[in-house]
Every structure is written in structure tokens, then in C-alpha cells.
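Let's walk through this fold together, starting with the sheet and ending at a single residue. Please keep the model open beside the text.

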Amino acid sequence: HYRNHQDHYQQASINRQPSNLTDASATSSGTHRSTPANSAPGASATNVAASGALRVKIWFEDDCIVIRVPSDISFQQLKDKVRDRLKLEDDIMIQYKDEASGGYAEMLSDRDLDVALARNPKLTLYVRYI
């Protein structure tokens, strides 16, 4: 009888499902905004988590951080969040790496943010002082 109770306990702990808070790798095929370029069927891992939060990798000098922001964030809100998170007071320039071309493009507006999200399954930003 004791052994059955122990087996039941082990089985219950194995079947426990991780929550979105503990499962940082959970992704969906959804992206920032709905555009034809974003809705490719069978898309691999994206920068939008199952919770709808946008996961963004940010490089500044020799540091790399990852932040989560709402998937409908504006460019100005993203820029403010980056400055806040990096504790920067001066104005910054944000670039993103375009995975398709291998080049870097400056991000200056909501349109640039939309283009970056449409062209890149994972958004990586490079920040520097102006």
C-alpha cells in the first residue's frame, strides 16, 4: 500500500505542466502585428511567447539582455523600455540585425519596428549612444 502511494506521488509530479511563467521557451506562430509576411504557415520559433509577450534580445556594449514587452508595443515605448532597462540617460540609436540580408538597419519609427518583426523570426537589437 505504501509503495502505491509513493508511485502515485511520483506520477503526479511527472504530469505537472509548467506555467507560462516558468516556461520561458514557450512560443507560438503569432507575431507582432498581422501582415502577410508574418503569417507563413509552419513558421519556426518566433519572438512572440505563448502569452503574447514579445521577446527581444538587446546588445549594448559587451552586455546582452533579454526583455519581454507587449506584442503591440510602439517604437517609442520600446525605446523607453530599453533606455530604462539599460539605465541610460542619454539618447540612443537602435539598430536591428536583418537575418535575411545579414545587414543592420536603424530603427526610427513604428514602421521600422513592424518591418523588423516581419522580416525576423527573432528580434535582436543593437543599442549605442548617439
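Two strands count as paired if DSSP finds at least two bridges between them; strands (E, at least two residues) and helices (H or I, at least four) are DSSP runs numbered from the N terminus. You are looking at a predicted model, in which local features need pLDDT of at least 70 and side-chain atom pairs count only at pLDDT 80 or more, while totals for chains, interfaces and linings use all residues. Residues are numbered from 1 along each chain as its sequence is written, and side-chain values use heavy atoms, with hydrogens and water left out.

Begin with the open sheet, where five strands follow the order β2-β1-β5-β3-β4 with mixed pairing. Because β2 (63-70) and β4 (104-107) each have a single partner strand, they stand at the edges, and one side of each lacks a neighbour in the sheet. On average, neighbouring strands are turned by 35° against each other, direction ignored.

Now follow β4 to its partner: β3 (residues 92-97) runs antiparallel to β4, and four bridges join them. Here Y96 stands opposite A105 in β4. Helix α3 (residues 110-119) packs on the sheet, touching β1, β3, β4 and β5, and its direction makes about 145° with that of β4 (angles run from 0 to 180 degrees between N-to-C directions, with axes fitted to C-alpha atoms, for helices over the stretch in contact).

Finally, zoom in on A105. Beyond its neighbours within four places in sequence, A105 is in contact (heavy atoms within 4.5 Å) with I94, Q95 and Y96.
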